[in-house]
Each structure stands twice: as C-alpha cells, then as structure tokens.
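Please find below a short note for a colleague who is meeting this structure for the first time.

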Amino acid sequence: MESKLPYASSTTGAPLGSSDPIASAIGLLRPRTVVDPALRAAQPWALRFDAFPHVKIGGVVRGECWLALDGREPVHLREGDFYLLGNPPSYRMASTLATQPQPAETLWKTATNGVARIGSEAEEDTYLCGGYFYFDEPNASILIDILPRLVHIRATDPRSVLLAHVTELLNSEVESNAVGRSLVMDHLAQILFVQVLRAHAEQTDRPTGWLGALNDNGIGAALRAMHADLGHKWTLQELAEIGRMSRSAFAASFKKQTGTAPLEYLIQWRMSLARDALRRNTRSISELAFATGYESESAFSTAFRRVTGTSPKQFRDTVHHAAGSEPDQDLLARSGSVR
C-alpha cells in the first residue's frame, strides 16, 4: 500500500463574492491534501522532515513528543495538542531531543494500512497524525505570508475538543478501506485545517494580516462586507461606517492590522480573483470588469496592469499558451500576488 494518500481537493473554486473571507481565500488557494500515515511509536524515536513551502498540520493523539524547527527553540507537544507549520524549514519530531532522527520519508514507505510503526507494538506509547497542504502557487502567499512558522494549539484550548473529534474520524478513515475514503479524508483534513486557523485567530496574541483582523468587530465587519460584494463601488466612508469608526480611525486601524490600506486591499483581492478567473477561463474580461466593480474594460485593465504588470488579455494568453505544464505556475507567480 502506498505510504501517502494524495488526492485533489474537492474545492471547485472561489466565487467573486463571499461573506466568509477564510472560505473565499481557501477556495482561491485550491488546497491539495496529502494525509501522512499515522505514527505509532515506542520510545526512543525521532524523525526528520524536509523543509516544505506550504502548510503542514498534525496532532498528538496519545503520548507526547518534541517538535524542533531548525533555528528555533524546541516545543513540547502533549497529548491533545495540535500544530500547524507555515512554510517550515527542516524540522524534527522526537520522543527525546538526544535521539538520532531517521528520515520521515523512509519510514512512511514502510507503512501498512495507513500506519507506520517504530519499535515494539506492545510498547507503543505515542500516536501521532498529520498531513500537509499544497496551494495554488500564484496565490499561496495570501495565507503563507500571514502565518507564523508554528501555530501551537494546546489541549486546553476550547477548540481542542472539536479538533480531537475530527482527528478521530480522520484516523479511522486512514486505517480503513471503505468506499469514498479519499473524499472523506479530503474533507476532514480541510475541516481540521480551518478549525486550527480559527483557534489560532482566537488566541490572545492576535495573528497578523486579515486572519487576525477578522476577529476585530469593526475591521472584521468591513472585511466581510468587501468580500461579500466585490462589485460594489466601495468608498472609505462606507467601510468606516460599517466598522463604526471615523474615516481616519478606520483607515489607520485597518492598515495596522492588515498591513495595507482598505481600498488597496480591496483592489489586490479583486485582482487575485480576476487572475484566477482568467487563468481558468471562467469569465470574459468584460464580465470580470463588471464583477469587480469597474465601469469599463478599460478601467479594469488599467487596475489589472497596475497590480500585475500586464494586461488581462496578455495574462490570459500567456497562461493558456503554457497550459498543461508546471512552469505556468511560475509565470503566474511573477505576475504578483496579494498578501
């Protein structure tokens, strides 16, 4: 049996208007999920994982272990804890930091029925689950750039009970051969991902970017309004009124929390969705102009060129000429992306 279970995400795409910024961002990212084998281990044990450009996620179902990212202080994970790694460097997971690690990839190749083992089954005292997400490269920075290297959700966090339930369901699917297994795992892994993001956003130390801003009553309300109606000709005054602030206070708070001015954020998000639609040829340029709040193709094209450095037609033609090959991801990435 293969040691990993790759399958395409069931996400079909982000609409141009959604009142849920997290859902619309993940829809735009089109995550592709890989669930690693469950790890059942007896001490001592240690694994080394290679650097990864997108997101890894996992949890301690039973026992405890250390997570040590290269260049950072090790973190002790206890039973019921979850972690999320954003663009992590090489790292170790181990029962003790003194144990010499073996490559995780080598161990995964020995997995049977979705489980990889270290040591005697009778002496197993650790049970870990995990996996990772690949995102569409042109838009990956939407999330990667606002995530810390490590998000640690402790067992004492209120959301840990729900995370544990999702993990239990995920682990049962990993170790089964039931019909529809890959589809169920895909959905469960993405539910786990969103719940960890929610827990991170709700922690006392508010995360940076739009993810943290969503929990601010004023800025969050304005963000949801913008995402819900991208075609509306938003003004700073309207957004400030939604946030129940003066224009100056709203503009200052929005920029402090998201790193960009409100209307610039709106333009960047509109162009991210426009690039995606052009890349997939789901809407004409004139349709996109209307859907993103511009009165003419000319006005839309001017905004698109300012953000991406190329016209909508040139962008679409370049992508379609490169269709069917991996390099088109790099071509798109060089055209710019929203943070």
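1. The model is a predicted one, in which local features need pLDDT of at least 70 and side-chain atom pairs count only at pLDDT 80 or more, while totals for chains, interfaces and linings use all residues. Residues are numbered from 1 along each chain as its sequence is written, and side-chain values use heavy atoms, with hydrogens and water left out.

2. There are 12 aromatic pairs, where rings of Phe, Tyr and Trp (its six-membered ring) pair if their centres lie within 6.5 Å, and planes under 30 degrees apart count as stacked, over 60 as edge-to-face and the rest as tilted. The pair of F49 and Y91 is stacked, because the ring centres are 4.8 Å apart and the planes lie at 5°. This pair links distant parts of the chain, 42 residues apart, with F49 in strand β4 (residues 46-49) and Y91 in strand β9 (residues 91-94); strands (E, at least two residues) and helices (H or I, at least four) are DSSP runs, numbered from the N terminus.

3. One aromatic cluster is formed by Y294, F300, F304 and F315.

4. S160 belongs to helix α4 (residues 160-174) and counts as buried at 5% relative accessibility.

Key
Buried means under 20% relative accessible area, exposed over 50%, partly exposed in between (1.4 Å probe, protein chains only).
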